[in-house]
Amino acid sequence: MQSKLLLGTAITAALLAACSDDKPAEKKSEPVKLAAVSAEQMADEAEARYKSSSEAIADSEYRREGSGAIATITRPLPLQESAEPVSLTVTDTITYGQELRDQGVIARVERRITPHDALVSTMKALAPLPVTDENMVNGIAGHLQLRNDLLADNNIRSTFAVTPFQTQDDGNSFDFKGMQYETYYNEKSADIFDGQLNVEPITMTSSGKEGKGGTATLTAFKGNWGNKADGSAYLSIDPIKIEATDINGLSALEIAGIKGSGSGVTYDDTLGAYLGKGDISINNIRYTNNGRVTNIGDITFDLDNNKTAVGNYNSTFGLTFKLDGVSLQQSIPMLPVAPKNLRLNVTVNDISARANTNLSEAMQLIGEQTQQGSNNMPAAAQDKLNAALTDLIRDKTRLTADLLAETDSGSASVNAHLGIRKDSSDSAETWQAALNEAKENPATLQNLLKNNLDLNIDARISKSLTDKIGLTPMIEGRGAMFVTLSDGEYRLKIENSDGKIKLNGMPLPF
């Protein structure tokens, strides 16, 4: 049930992305009152501002009607191959006048998307999660409000809202008090903006059977985020609370707030993503069940994307769980140890934008095939994987992954590094030929791997931790030939050195 509470925002955000390619841009000062002009001048200025703006619908018919104008176009949307083809009519109603000019608005554009059934189909196809609540999707589609105020000097104030609505079906109900997301930006800059989000309460009620119904409520919250001209970024979201009442009583999941910051942030058109450093912290997560509180802890994300001198990219993603192990053990007595910190760090060095795109598109094609119930590799996906592999080998792209778990009884860690050695001279064509012949002649690929692969895996776990969780007998029994014990740690190390794969320093027999 809780996943549905946030689905509406995700669906509508995806819908906006499908209807516009615009990226928010440079923030300017608040709009000022515009000079009074004749009605004809207002109409001319509004038309020119609309047609020059990124909000204009490409190839649409613009016609003046009374004290305003209408711009309309019908376009098919390229959805997933499995989805029914749909065509949407996008209608912009453009208004202008002295009252708006007093607010600094040259023209106000209100966008409407029809027909309703096609809009619902589009939202379902674009949703990141399977949509099962027909009434909810219909409600959101029927209460969308898209408005853009076109200001002087290429500034835009864009508002995306869902007005309040309720749905009921067979004793189940969905009550959404509304939401609004407003951004302020300039069209001439690609990555500078300010955004504010305001979400009102959302309540879902299920009648259930035999008294097993329940109610879940997402309380109101606000947030704001954006990028500034100096390359810094900010994120701040108010405390969030989800409450649920059912036959088992009252429970609540709370987040004290979400904070984030960034530096050196800039949009890279080639990669299609932002470069720079950033971090996001989800603070003081706790779960309450019938008055019993479990303090879970904090979650932190950190990112670092940068461009190399030769035009490739380095990307690092980190995820840290800072846990309240004592509170978790009190609520979950079967936990043998008190977890403290869990840390995952993944770095990709020297990957090209083309390889990144091909890998992403291949995964998407494979995912679509899997959703259709087939495990066969799509030919298009295989082509994209082959193209990506050629670039990865040519650029000697490297992957590093580090995992660390700390508890009150010891720690466990895995450090892995994989890539083609910098001094490798074998071409991508040689690798591709070896891969194509691997089934009939695996020796060629094996030799390439031995002579060119930079491989290092180092896994460690404290004996005090294995003692506490009961793994010591298994490690010293079945795993004795793979691990060593030194300084109170079990260790497994695999590396490729001098053309030999070594386990704990000893060559493996292949």
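Visitor: What should I know before I start looking?
Guide: This is a predicted model, where local features need pLDDT of at least 70 and side-chain atom pairs count only at pLDDT 80 or more, while totals for chains, interfaces and linings use all residues. Residues are numbered from 1 along each chain as its sequence is written, and side-chain values use heavy atoms, with hydrogens and water left out.

Visitor: How many helices and strands are there?
Guide: The chain has 13 helices and 27 strands, taken as DSSP runs numbered from the N terminus, with helices being H or I of at least four residues and strands E of at least two.

Visitor: And how much of the chain is buried?
Guide: Of its 510 residues, 39% count as buried, meaning under 20% relative accessible area, whereas exposed is over 50% and partly exposed lies in between, with a 1.4 Å probe and protein chains only.

Visitor: Switching topic, how many aromatic pairs does the structure hold?
Guide: The structure holds seven, where rings of Phe, Tyr and Trp (its six-membered ring) pair if their centres lie within 6.5 Å, and planes under 30 degrees apart count as stacked, over 60 as edge-to-face and the rest as tilted. One of them is the tilted pair of Y50 and Y62, at 5.6 Å centre to centre with 35 degrees between the planes.

Visitor: Where do those two sit?
Guide: Y50 is in helix α3 (residues 39-52) and Y62 in strand β1 (residues 61-65), twelve residues apart, and both Y50 and Y62 are buried.

Visitor: Which residues do ring pairs link into a cluster?
Guide: Those are F165, F174 and F176.
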